[in-house]
Amino acid sequence: MASRGLMRLAERRLKPFGASAGQLPVFYLLRDGDAMSQRDLARLARIEQPSMAQTLARMERDGLIRRVPDPKDGRSSLISLTRKALTKTPALREALHAGRAELVEGFSEAEIATLCDLLRRLNRNLDRGVIREIAE
């Protein structure tokens, strides 16, 4: 329920900027002007290739990414954020961080630290589970 609630909140906060929560991994991974292949983006964002392909298609349609041929692999392209997307990135970050205090209202600093630690540990366990599943 928390995950769905966070996604709904993120969608509402990002919509005025022409972005969506599903695009956040791409914005994050390419925020420094780097370029990556679709395969690397999907792997680092921990999402399936078809989902990444759909996200990138929408972002390309909206002028947020550009693709250039990969000089090391003619069958692949490198993806980077456009100037339009790079200028939006600080506003997206600000929109997401603006409501952070609301999310932890009533939590002590120690509880927030514990929650963050528990979530990091949960994510590591999930990652290991996915790796095991892929290996089988």
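Strands E2 (residues 65–70) and E3 run antiparallel and are joined by six bridges. Here a strand is a DSSP run of type E with at least two residues, a helix is a run of type H or I with at least four, and both are numbered from the N terminus. Two strands count as a pair if DSSP finds at least two bridges between them. A hairpin of two residues leads from E2 to E3.

This is a predicted model, in which local features need pLDDT of at least 70 and side-chain atom pairs count only at pLDDT 80 or more, while totals for chains, interfaces and linings use all residues. Residues are numbered from 1 along each chain as its sequence is written, and side-chain values use heavy atoms, with hydrogens and water left out.

E3 has another partner to look at: strand E1 (residues 36–37) pairs with E3 in the antiparallel sense over two bridges. You can find one facing residue from each pairing in this table.

| Residue | Residue opposite in E3 |
|---|---|
| Serine 37 | Leucine 78 |

Now step back to the whole chain. It holds seven helices and three strands, in the order α-α-β-α-α-β-β-α-α-α from the N terminus. The C-alpha trace spans about 55 × 45 × 25 Å along its principal axes.

Buried means under 20% relative accessible area, exposed means over 50%, and partly exposed lies in between (1.4 Å probe, protein chains only). Of the 136 residues, 24% are buried. A nonpolar core is a set of buried Ala, Val, Leu, Ile, Met, Phe, Trp, Tyr and Cys residues joined through side-chain atoms within 4.5 Å. The largest one has 19 residues, and Val26, Phe27, Leu41 and Leu81 have the most contacts inside it. The elements giving two or more residues to this core are H2, helix H3 (38–45), helix H4 (49–61), strand E3 (73–81) and helix H5 (83–98). In soluble globular proteins, nonpolar side chains tend to be buried together.

Which residues does phenylalanine 27 touch, apart from its neighbours within four places in sequence? With contact meaning heavy atoms within 4.5 Å, they are Ala19, Met59, Leu64, Leu81, Ala85, Thr89 and Leu92.

Glutamine 23 is buried, with a relative accessible area of 4%. Not counting residues up to four places away in sequence, glutamine 23 touches Gly18, Thr55, Met59 and Leu64.
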